[in-house]
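Please examine the sequence and the predicted model shown below.

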Amino acid sequence: MANRLAHETSPYLLQHADNPVDWWPWSAEAFEEARRRDVPVLLSVGYSSCHWCHVMAHESFEDDATASLVNENFVAVKVDREERPDVDAVYMEAVQAATGQGGWPMTVFLTPDAAPFYFGTYFPPEPRHGMPSFPEVLEGVKGAWADRRGEVGEVAERIVKDLAGRSLAYGGDGVPGEEELAQALLGLTREYDATHGGFGGAPKFPPSMALEFLLRHHARTGSEGALQMASDTCEAMARGGIYDQLGGGFARYAVDRAWVVPHFEKMLYDNALLCRAYAHLWKATGSDLARRVALETADFLVRELRTPEGGFASALDADSADGTGRHVEGAYYVWTPAQLTEVLGAEDAALAAAHYGVTEDGTFEHGSSVLQLPQEAGPADAGRIASIAARLLAAREERERPGRDDKVVAAWNGLAIAALAETGALFGRPDLVERATEAADLLVRVHMDESARLTRTSKDGRAGTNDGVLEDYADVAEGFLALAAVTGEGAWLDFAGFLLDLVIDRFTAEGGALYDTAHDAEALIRRPQDPTDNAAPSGWTAAAGALLSYAAHTGSVTHRAAAEGALGVVKALGPRAPRFIGWGLAVSEALLDGPREIAVVGAPDDEAFQELRRTALLATAPGAVLAFGAPDSEEFPLLRDRPLVAGGPAAYVCRHFTCDAPVTDPDALRRKL
């Protein structure tokens, strides 16, 4: 027997390749082995930047006595939830239904037919806080399997039956209209934290998708309340400890209501979504803070997460070595007054402590503080603060860095492509558009086969073995559509079309509902299906958005109908749970607005053409799509039959199947958008 994880591409699985537990990757062979030995399967699901996953691994999976208990009585299967979101979703649903809560590490015991019968998350090595120890759990399950097999079988059968009955029929009920979106806004207003920004209490997550809805709702209706909630939340997060004041980029969430102490892991999807949200906030308000944070977050993505192949790595760990060799959370990011003095000298350290809110008692553990930005520096101090920040960042670079999960996830790279393309175009940073293009090239080259089917992950330029799920197709299409709009290269629109045709063919159910896995994907105990937007847009709502944009570009009735069918779920959930369908609400705003189709024609080097194109890029109209190029260019359907006006560049704006007269004056175009 041997641990079988050494040849996997997932950094999380590779972290467990040397455990004394005889791990198997998720595979038919593992379940055949359980059947052959007549033992249950121990399924352990986690991800590489999960703090408690590391703790349980260290306490239990690296312990020889615990490992031999596992190896003798179970077939142990390890899953990276980021690589197999379908497996994770199906069993997490069972865990939550059975225990009322979920989380990672997820620990589930299954029959050899993959039916779950006993659940938990983290188990300690000895009993504590009323929790049984992991060895006690293993002994208990072993005993039940040996002595009460009939009972175990009944439980498993009941759970599988219950899950199978949970299919969602939320399609085709008509699309959300003014009323549902107004109710959603009211719901968000009720949950809004007027003191600290954001929604709900602690722990508090960056509400990137709700922010997009609020900005689009403001653009469409002029609602000042919506804009205020978005801009106050963005400012509070950017000044809080959840934002890395030295290196840019956001942590996963704050453990408190005031955004002070983050859970320090940094995820690709959060930073891509927030980079884009701040860029859009800048479009709406011209805020210097929004511009700075959008650019710093884009620079963080490129500097810290870009892989040698041009893609973007999944995450940075929360934990790192603290100088004494111990791995602790936040060690890379926090400061004590003494550490400031050591780097800056007494005088600058005092200014830095006041500027960044570093106190003697500390805002985090052991007298250390998370850097915040309670207020902007005065003009007199700006130069000195810039020098302090540069020296602190250089000193931080000397610390041991948090681990990086180097796998490239297709969906999250799609989100990063959209963010970098738009941010680069808005702020005159062609280098960011180039980075977006390189990541898109990698997805086409490594993740896409000749029939446009996607592989979910790659590492070191080598494709993994897992099929793309709905969010991969949807978010990659979204990235390609954003790239098409800022580069003027129609090939990206074509690639998006290939992916969205597969969404319609392989993921869509009756009435417009969507599944997370393709019709021909590996069959699990239930076919996963979740329309709610949690850490990132669900595949369901992301697909609705990309389908809608593609339909606006091409006039395709099929794609428009698919988008509308998918948005039935927003009509159902938007008024009831707006925090958990934020992207769906944002897409619904685009649907209500048209979305507008903008075509700018002219010669690329003509200054008047550039000015019109720039004005179109700055449009705040929800979900507006843009095509630019020479008149009658073959690159984009929107450019067909769009002549110059009086021999000069012109912009055409259409919505709801009607087009305005072309305009040649940027101010006139601005008023239309």
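## Packing of α8 and α9

Helix α8 (residues 178-191) packs against helix α9 (residues 208-221) at an angle of about 125°, and their axes lie 11 Å apart. Here helices (H or I, at least four residues) are DSSP runs numbered from the N terminus, while axes are lines fitted to C-alpha atoms, for helices over the stretch in contact, with angles running from 0 to 180 degrees between N-to-C directions. The two helices are therefore oblique to each other; angles under 35 degrees count as roughly parallel, over 145 as roughly antiparallel, 65 to 115 as roughly perpendicular and the rest as oblique.

The crossing of α8 past α9 is left-handed, a term used if the near helix is turned anticlockwise from the far one by less than a right angle, with right-handed used if clockwise. On the α8 side, E178, L181, A184, L185 and L188 meet A210, F213, L214, H217 and R220 of α9; contact means heavy atoms within 4.5 Å.

The model is predicted: local features need pLDDT of at least 70, side-chain atom pairs count only at pLDDT 80 or more, and totals for chains, interfaces and linings use all residues. Residues are numbered from 1 along each chain as its sequence is written, and side-chain values use heavy atoms, with hydrogens and water left out.

## Packing of α9 and α23

Helix α9 also packs with helix α23 (residues 582-593), at an angle of about 20° and with the axes 7 Å apart. These two helices are therefore roughly parallel to each other, and their crossing is left-handed. The contact involves M209, A210, E212, F213, R216, H217 and R220 of α9, together with G582, W583, L585, A586, V587, E589, A590, L592 and D593 of α23.

## D193 in the loop between α8 and α9

The loop between α8 and α9 contains D193. D193 counts as buried because its relative accessibility is 3%; buried means under 20% relative accessible area, exposed over 50%, and partly exposed in between (1.4 Å probe, protein chains only).

Which side chain forms a polar contact of 2.8 Å with that of D193? The partner is the side chain of K204. A polar contact is a pair of N or O atoms within 3.5 Å; within protein, one must be able to donate a hydrogen and the other to accept it, and residues adjacent in sequence count only if both atoms are side-chain atoms. The D193 side chain also reaches the backbone nitrogen of T195 at 3.0 Å. Not counting residues up to four places away in sequence, D193 touches G198, G200, K204 and R257.

## S538 in the loop between α19 and α20

S538 is located in the loop between α19 (491-506) and α20 (539-554). S538 is buried, since its relative accessible area is 6%. A polar atom of the S538 side chain lies 3.1 Å from the backbone nitrogen of T541. Apart from neighbours within four places in sequence, S538 is in contact with D530, P531, T532 and D533.

Helix α11 (residues 268-285) has 18 residues and spans 26 Å from its first C-alpha to its last, close to the 26 Å expected at 1.5 Å a residue; the expected span is 1.5 Å times one less than the number of residues. Of the 18 residues in α11, 15 are buried. G286, with a positive phi near 70°, follows α11.

A608 belongs to helix α24 (residues 607-617). A608 is partly exposed because its relative accessible area is 38%.
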